[in-house]
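Work through the exercises below with the sequence and the model side by side, trying each task before reading its solution.

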Amino acid sequence: SGGKDAMCTMDMCVRTFKHVEAFFMYLVPGLEHVEVALDFARKRWGIETIRQYPHFTVPRLVKSGCYCYCPGRLDSMPDLRLGDIYAAAMADSGIRMIATGAKKADSMFRRKSWQQFEKDYLVYPLKDWGTRDVFSYLSIRGLPVPTGNKGHQASGVDLTTRDLLRIYDSFPADFDKIEEAFPYVRAVVKRREWYGISE
């Protein structure tokens with residue numbers, strides 16, 4: 001994703017394994033600020049193959065009418081699970097191991113239910129790390145701290161108000177692309193203009 005945990009994980013993998021590929025889950029394909037992060041991975045680590053798949057939450061977002069309205073027309077849209085994306089990535093790459101940047105410290109839910117994340121094909125190098133460990137690793141390895149601002153690495157996109165406003169402010173062309181898929185997304189901009197809501 002270009003986020004801090006993903007960068008630590010990628011750096012460790014490249015230092016450990018002879019052959020490493022990457023994949024990215026997109027909300028909307030072809031966003032400029034995402035391509036910045038992917039280009040960084042190609043240049044920094046020599047990653048030649050970065051496969052892209054739709055994020056597993058997209059069908060749920062669309063069918064629930066999140067910033068869009070398509071009544072009755074998308075009932076046949078198949079649901080996706082994270083495991084489906086993992087299976088596709090492993091089938092396409094021929095690699096039977098996936099390393100992720102997930103940490104127990106990410107949330108109380110994740111800490112309490114960690115066992116459900118344990119699969120024989122998943123590796124969690126940052127499992128017991130905290131945020132301080134991640135920033136220390138980035139500093140030691142000379143990796144930039146992702147800021148999400150123009151010209152810097154940005155993590156994947158979600159539809160939170162904060163993330164949408166960040167994209168609107170720094171990557172207006174990306175915001176326009178998101179609006180094509182989620183036509184009511186400009187509501188977050190109007191809420192900030194009219195009511196000062198930015199969270």
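**Exercise 1: a helix and its buried face**

Find the residues of α4 that are buried, then work out how they are arranged around the helix. In α4, the buried residues are Ile 85, Tyr 86, Ala 89 and Met 90, where buried means under 20% relative accessible area with a 1.4 Å probe and protein chains only, exposed means over 50%, and partly exposed lies in between. Seen down the axis of α4, these buried residues fall within an arc of 130°, so they line one face of the helix; the arc is that of the directions from the helix axis to the C-beta atoms. They pack against β1, β2 (50-54), β3 (98-99) and β4 (122-123). Helices (H or I, at least four residues) and strands (E, at least two) are DSSP runs, numbered from the N terminus.

This is a predicted model, in which local features need pLDDT of at least 70 and side-chain atom pairs count only at pLDDT 80 or more, whereas totals for chains, interfaces and linings use all residues. Residues are numbered from 1 along each chain as its sequence is written, and side-chain values use heavy atoms, with hydrogens and water left out.

**Exercise 2: a residue in a loop**

Locate Met 77 and list its contacts beyond its neighbours within four places in sequence. Met 77 is placed in the loop between α3 (58-63) and α4, and its relative accessible area of 26% makes it partly exposed. With those neighbours left aside, Met 77 touches Pro 59, Val 62 and Lys 63, contact meaning heavy atoms within 4.5 Å.
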